[in-house]
Amino acid sequence: MTERTESTSRYKIDIRKKEYKEEMVHQVTSFTLMILFTFIAFGMVVMEISSYFVKPVLLLLAVIQVVFQLYYFMHMKNKGHAMPAMMMFGGIVIAIVTILTFTSIIWW
Amino acid sequence: MSHEDVLNPNQLPHDPEKATLEGKNKFIGFWMFLGGETVLFASLFGTYLALVRSTSGENTPENLFGLELVFIMTMLLLTSSLTSVYAMYHMKNHDFKKMQLWLGITVLLGLGFLGCEIYEFYHYIHEYGFTFRSSAFGSAFYTLVGFHGGHVVFGLSWIVALMIRNQKRGLNLYNAPKFYIASLYWHFIDVVWVFIFTVVYLMGKVG
């Protein structure tokens, strides 16, 4: 009986280790993409591409990097992260409103 | 789960950081804090964006910023984010020594970043005479980037304190949440840096 429980728990541990490995693969992939986006962002500025697209594209690259960071490195894609998501999205909404206010409505 | 079980390294469940009620509460509470931090940094970014054109003399973002150093700093911090992911991977597999090793590498990379930032500020002050009091742009710049640097200092002290304090204890259900939360904080520092190098340095160079 004890032998059987041991073998089941051993099996469960193996499954978990496999899950962690798979997660690791995703994380390394997202790291590679983040490095790539950083290179693109710096490259665009160093090569002095003068176009009104540059700033929006830079911001877009930053947002994609942060999404990778939050969802893969900080595990927000995993189960049990409804509360963190609520906190972060609440924070982000107020953050956007704050920046809009400071840059448009307030007279400095 | 009894007190002995909590402190026994051989009894670790999977996801040791959320196995106890205390760990769960820390996890929720810390994400609440991170939501607040997002708003805090947003107000600093808003101030910076509003004051970035209020320069004095030659010290404009275009003249001051050098992208080489910022690129090195970005790579250091991004890599340190990955090494702390490795540390948490070893924590979940209950390998305390490897976790300590990867946290140590994270700390070294963070120190490298900090060294670059101190050099940068020193350079601005002594070569350009660009200080906190030079202009509204100066105040906004040093407040935003300096606040982020302060977070790096705090994060490094936090991780080092945890590593030293738990060196002989090994991993257990009492300290696993602490390590996990410190690593979340470290990732958040990188999140803020992504926006700093984009909004302050790159967009400052574009003009």
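Chain B has 7 helices and 0 strands, where helices (H or I, at least four residues) and strands (E, at least two) are DSSP runs numbered from the N terminus. Along the sequence the pattern is α-α-α-α-α-α-α.

Before I go on, the conventions. This is a predicted model, in which local features need pLDDT of at least 70, side-chain atom pairs count only at pLDDT 80 or more, and totals for chains, interfaces and linings use all residues. Residues are numbered from 1 along each chain as its sequence is written, while chains are lettered from A and ligands numbered from 1 in the order in which they are written.

Staying with chain B, the C-alpha trace spans about 65 × 30 × 25 Å along its principal axes. Of the 207 residues in chain B, 40% are buried. Buried here means 20 or more other C-beta atoms within 10 Å of the residue's own; exposed means 12 or fewer, partly exposed is in between, and C-beta atoms are placed from the backbone. A contact is a pair of residues with C-beta atoms, placed in that way, within 7 Å. Taking contacts in chain B between residues at least 6 apart in sequence, 80% join residues at least 24 apart.

Chain A is assigned domain 1 (3–77) and domain 2 (79–108); the bounds come from an automatic or database domain assignment. The C-alpha centres of these two domains of chain A lie 23 Å apart.

Next, the core. A nonpolar core is a set of buried Ala, Val, Leu, Ile, Met, Phe, Trp, Tyr and Cys residues joined through C-beta atoms within 7 Å. The largest one has 70 residues, and Phe45(B), Leu144(B) and Phe197(B) have the most contacts inside it. At least two residues of this core come from each of H1 (2–46), H2 (54–73) and H3 (82–105) of chain A, and likewise from each of H2 (21–51), H4 (67–92), H5 (96–128), H6 (136–165) and H7 (176–206) of chain B. The most come from H7(B), with 19 residues. Domain 1 (3–77) and domain 2 (79–108) of chain A each supply at least three.

Which residues does Phe45(B) touch, leaving out those up to four places away in sequence? They are Ile99(A), Leu144(B), Phe195(B) and Val199(B).

Last, two backbone details. Glu48(A), not a glycine, has a positive phi of about 50 degrees. Glu48(A) sits in the loop between H1 and H2 of chain A and is exposed, because 9 other C-beta atoms lie within 10 Å.

His94(B), also not a glycine, has a positive phi near 60 degrees. His94(B) is in the loop between H4 and H5 of chain B and counts as partly exposed, with 18 C-beta neighbours inside 10 Å.

Key:
Contact = placed C-beta atoms within 7 Å.
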